[in-house]
Amino acid sequence: ETFSLAPKLFEEAAAKEPGSSYAHIFLAADYKVLAIHKLKREGAGLAAALFTRSFESLKAGINAPDFDRYLHKARAHADLSKEYQQRGLLDQAALEAHKAIAADPDPVAWSDAHQVLGFVSLGSNDLDSALRQFDEALRLAPQAHGIQVGRAKPLLLYCDYWRSSGAMDK
């Protein structure tokens, strides 16, 4: 199977050089592609294990001793922040999102990080902060239409609040 060759090569590279951020981060990306492929064809069983392996490999890459030489730090931190967010680990997601924003200039990765911070703010019911984060994400990546879905959530919650408080009746 075509999808299985690249992860095997990166697994070998990560085993030979356990301190290589590149090997681990590339392996994480390949595990994720393979997991999505398996999810579409075979269901969640094997896909869940591959998603976990992707998450663990991404963490290993970011924590590798040579990560300071990695050229796409913002992207790696933004990807890890999304992984933490999807697992409901919002404090870690926010930490990684802030690391992404502090890293090398990458507007798309920064936009992803601001989206994560928007969802984290929603989780703590801070609608003003959530809306600011989604607006910043949209400013950084105006072509990313998915941001509008996240941005709509605090707006809908504001509408619900106004309706329930009777403010709209006045």
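User: Helices (H or I, at least four residues) and strands (E, at least two) are DSSP runs, numbered from the N terminus. What kind of model is this?
Analyst: It is a predicted model: local features need pLDDT of at least 70, side-chain atom pairs count only at pLDDT 80 or more, and totals for chains, interfaces and linings use all residues. Residues are numbered from 1 along each chain as its sequence is written, and side-chain values use heavy atoms, leaving out hydrogens and water.

User: How many salt bridges are there?
Analyst: The whole structure has 12. A salt bridge puts a side-chain nitrogen of Lys or Arg within 4 Å of a carboxyl oxygen of Asp or Glu.

User: What about aspartate 112 and arginine 75?
Analyst: Their side chains also form a salt bridge, 2.5 Å from N to O. Aspartate 112 is in helix H6 and arginine 75 in helix H4, so the pair ties together parts 37 residues apart in sequence. Aspartate 112 is buried, at 15%.

User: Which residues share partners in one network?
Analyst: Arg75, Asp79, Lys82 and Asp112.

User: New topic, the core. Which residues touch the most other members?
Analyst: Ile25, Leu58, Ile62, Phe67, Ala76 and Leu80, in a largest nonpolar core of 22 residues. Such a core is a set of buried Ala, Val, Leu, Ile, Met, Phe, Trp, Tyr and Cys residues joined through side-chain atoms within 4.5 Å.

User: Which elements give two or more residues to this core?
Analyst: Helices H2 (21-42), H3 (44-62), H4 (73-86), H5 (90-102) and H6 (107-123).

User: What does alanine 76 contact?
Analyst: Beyond its neighbours within four places in sequence, Ile25, Leu58, Ile62, Phe67 and Tyr70. Contact means heavy atoms within 4.5 Å.

User: Where does the charged end of arginine 87 sit?
Analyst: Over the ring of phenylalanine 55, 3.8 Å from the ring centre. The test is NZ of Lys or CZ of Arg within 6 Å of the ring centre and within 35 degrees of the ring normal.

Technical notes:
Buried means under 20% relative accessible area, exposed over 50%, partly exposed in between (1.4 Å probe, protein chains only).
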